[in-house]
Amino acid sequence: MTSIVSIITQERRKQLKPLLLATGCSVMAAGAAVGLLGLSGWFITGAALAGIAGTSLAFNYMLPSAVIRLLAIVRTAGRYGERLEGHRATLYALAGIRTRLFQGLVAAPLETLKLATGEASARLGQDVDAIQAVFIRRPTIWAAATAILSGVTLTALAAGAAGGSTVLLAGIAILGGSVISRRISARAGAEVQRATGRLKERYAAVSSAAPELVCYGLEDWASGEVGKASAALGDARTVLSKGEGALSILLHGMTALAAVSALLLAQAAPLGMATLAALAAAAALEGAGALVRTFSGDGAVREAQHRLDAILKRRYDKRSMTPRDGDLGVEVGRTWHTVPTGGRLAIVGVSGSGKTTLLERLMGLQPSPRGLATVDGVDIDDIAPVALRTLFAFAPQDAAVISGTVRENLLLGNPHASEEAIWAALHDAALGERVRRLPDGLDTWIGENGARLSGGERRRLCLARAFLKPAPWLLLDEPSEGLDNATEALIVARLSTRLHSTGQGLIIVSHRPRPSTLCEAVAEMDVSTELWAA
Amino acid sequence: MPAGATAITHAPPGPWLAAAGKAAAGVSRVAAAFTALDSVGAIGFAAGLAMVVAALPSGLAAALPGAALALASGLARGLFAFSATTAGAHAAAKVKVQTRDRIVRASLLTPPGDQRPLGERLALVVDGVESLDGWFARFAPARSAAASAPIFVMAAMAVASPVSAGIVLCTFIPFVTVMVLAGGAAAEVSRRQFDALNRLSGLFVDRLRVLPLVLAFGAEARSAAVVHEASHSVAHRTLDVLKIAFVSSAALDFFAALSVALVAVYCGFNLLHLLPFPVPERLDLGRAVFVLALAPEAYTPLRRLAAVYHDRQAAETAAESLANAQRASAPRAPTWLAHPPDLRFDRVTVRYDGEERAALMDFDLTIAQGEVVALVGPSGAGKSTILNLLLGLARATDGAIFLDGELFDPTRPPRSAWAGQAPIVIPGTLAENIAFARQDASAREIARALSLSGLGSLGGAIERIIDERGGGLSGGERRRLGLARAILSDAPLLLLDEPTANLDAASEAALLPVLREMVHGRTALIATHSQAVAGLAHRIIRLES
């Protein structure tokens, strides 16, 4: 089983170069920032003392002012590099993670995909986004370490006690920040991830059902359902902001305390050194603060990892038997039917008797019990679903289409189909004329789930798509449903011609009599089949 | 861009955002005030530090007041930040919840043919609205603080050293120029990022929706390749946005650092009496430390603003789409019919954008109160389109419909009892899915609708759980679910779209008496291929393709 952590590790490894660069830049920027602050302090106090002592010419003021400018440039460049490279690594790693998750989703057995559309979208979206904190964290740790180390060194130069107090206060800030984050932000951050999932799930559900909801006057109910999830997300974010606010109190307080105590503890040192200690202590705490602020994302990261693991945690298919094209054997209504290569079988039965389920089992879209069907004598349960599916060109009952153009839908059947083959398939599905008259022909956008086509047109598009797939068997589920008699007759006649020329076998499910006339054999489902399957 | 996307005009998002923010105006002002107060805390801290430095040579006790002031100011800054963050979050939450509600309502009323894909809708309703967060929680307070806070800081500096304040004031010019330039460059880049995000979300959701199809055609690798391409395009576009943000904040950082150095050098020279030009002030160490500690704080409000610049850009880009989505349909009051209506279609034509062939052409029909009309004809002749017109799911591009003698308003379709071709399943029990049609229905009425539709006899226990993919319902059962809803509904207008499709002859025969009872006492339109079903009607209308 793959876990999200191992995927993150692998994707991080791919981004090693920008990540190292980001870390280097952040260390450089943090060091420069501390140096800048300390030097400014030392320069100004040193200059003041020199002025008071009347030794103005002995004080080399040119060097520090040049170094200040240099450090300013280094700090700016470092910070820019850190942010750019860090985000480059993160964004491309996230893109890789998204692809891997999608692959995981489609590779897992279909029946395990119980995730609602909205939830799936939230996991691949927000939950993957939350993971970025993991990537941003590393350079921040290095930067914080550099800031604290150089700050402490500078304060310790003024007085050992000042260095000690800086270390102590930085430690308290980090510990305190982690406590606050665990207490307040962790739960709220996790809740933000969950609430986003719930919100997407709710909206996807009511939005898909919008025509029915509006027809029955349920807009208020529907928007109320989404509103509840929306309010929950708002509340979670508000709590999260309290955690961030609490961190601000801690960090501002600690920074002031560190500066003042460094100054007081370095009382014995020259005034220039003491001022430098104060400024360096403040810088050290600011460096620690940048790290502490990343803590508030921890809850979200943990929850996101948990939610992503849940979609990866699946049994993957290890079956490896490759099917050979040969006789198809299938049990329908307790009778075993053997269909030779190129043969044709009609499956009939009352509504709800399990005809569609049978086809979906043949397609490996549902788990099939042993002994249900064989290909060339091999039980389909022993064949990997991916391999099994190459044997069949399927036109499902629900006439599902992808949101896109006519061409995109047809190319799903065969990505290498020629223009000629496409038009031939459309002709055989009695849809050629219709598509020719569409504004952009094959490249016409047909709307979500083919909303711009009629039910019958969608069905014929699915039929044409199945025609394009070069598989030994055509599997058609109610291919003429919702079609008028004339169109049905046309399609059946053309299908007959088509099968003669391709030599494909045919398994057809229909409750209408005409499609069955193409077949040599008719198998009847009985209701008990379904009970047995359950 | 697919033809389904209606031309989007880019209205300036500012007024829309301002209108959206009205709901939280009070708490937004609080957030802005506390953000600005941060600078007051900074002045206190710098003053405290300077007092300690000045007093330290005279001993620890003399330094204590300064130390206390610095500590108190540090703590006050923390409290101000806390208040600003939480107030900003409250304002954002309020605006987001309200905006989302409006967008959801508008999207429910958009005809399916004009809908963007579900994934894009999800991205707009959830992520698009969420990106307003940055505007209201951070950008708006930072913007209003940026207008006042630097002035406090410079005023405080001027008290100690007018020349230093003057230096800082002069360096504001390149600062503001950089911000204006960055803001102008970001809009287009941000729009491209928004489009890439939309596309990715649309792809994900669509491919998962038709996952059985992807599997059946062995298109896993091809789909993954498309997703890979789309997610990398998002990464690429996002990086483009961030580059602008990073360059501008780097430029600001640099100018800030340089002007702080300039102040430092000036203070140093002033203390050394080495300035090559005369100045009207003599600094002491305390004042110099105060000015130096305060100089970076003059830029803090602007740097804070620069840091949230891409929040602003993201919100403005989202606002354009949100404003469009909201405009797409006005809120409407439901039309409840008290009695079976009469209907008249007068030369009604329905044509989708850019399509040469009309889905329905010059259609005329008058239906009397309580009349039952069957619509028959070949696939694609416009039977479902006629029903969709009455449901508000399709819009007449020409001609007019009259309902009870009044011009039919497609934005206010009457409540009707409807059994469509693909009844929607909401995850939940079968009973909940039926109760949809009438929320006040009793358990007995639901059970009756269940059994009349034939769902009861198919082992459809009322508490059976169905998932989003219609899990466990066969095609025929799904049709019956639509029928059960129409049976339960008491609306006097009945619209049936091929009610017996997917049913075998025996099941259809069993359903006929139920249909007969359903049409009784209602005005009904039935689209069908079945002669038996058409036989239930008073009149049969034949449509030609």
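What follows is a short chat about a predicted model and the terms used for it.

Tutor: Some ground rules: this is a predicted model where local features need pLDDT of at least 70 and side-chain atom pairs count only at pLDDT 80 or more, while totals for chains, interfaces and linings use all residues. Residues are numbered from 1 along each chain as its sequence is written, chains are lettered from A and ligands numbered from 1 in the order in which they are written, and side-chain values use heavy atoms, with hydrogens and water left out.

Student: Okay, why is Ser121(A) called buried?

Tutor: Buried means under 20% relative accessible area, exposed means over 50%, and partly exposed is in between (1.4 Å probe, protein chains only). Ser121(A) has 5%, so it counts as buried. You'll find Ser121(A) in helix 4 (residues 117-130) of chain A; helices here are DSSP runs of H or I with at least four residues, strands are runs of E with at least two, and both are numbered from the N terminus.

Student: And what makes Val40(B) partly exposed?

Tutor: Its relative accessibility is 39%, so it lands in the partly exposed class. Val40(B) sits in helix 2 (residues 25-55) of chain B.

Student: How do you know that helix 11 of chain B is mostly covered?

Tutor: Count the residues: eight of the nine in helix 11 (residues 383-391) are buried. Among them are Lys383(B), Ser384(B) and Leu391(B). Just after that helix, Gly392(B) takes a positive phi of about 75°.

Student: Which value does Glu498(B) have for phi?

Tutor: Near 45°, again positive in a residue other than glycine. With 7% relative accessibility, Glu498(B) counts as buried.

Student: Why is the pair Asp298(A) and Arg137(A) called a salt bridge?

Tutor: A salt bridge is a side-chain nitrogen of Lys or Arg within 4 Å of a carboxyl oxygen of Asp or Glu. For Asp298(A) and Arg137(A) the closest N and O atoms are 2.7 Å apart, so the pair meets that rule. Asp298(A) lies in helix 10 (residues 298-312) and Arg137(A) in helix 5 (residues 132-158) of chain A, so the pair ties together parts that are 161 residues apart in sequence. Asp298(A) is partly exposed at 24%, whereas Arg137(A) is buried at 18%.

Student: How many salt bridges are there over all chains?

Tutor: The structure holds 54. One of them joins Arg514(A) and Glu488(A), with 2.9 Å between the closest N and O atoms.

Student: What makes the lining of the second largest cavity six nonpolar and three polar?

Tutor: Ala, Val, Leu, Ile, Met, Phe, Trp, Tyr, Cys and Pro count as nonpolar, Asp, Glu, Lys and Arg as charged, and the others, Gly among them, as polar. No charged residues take part.
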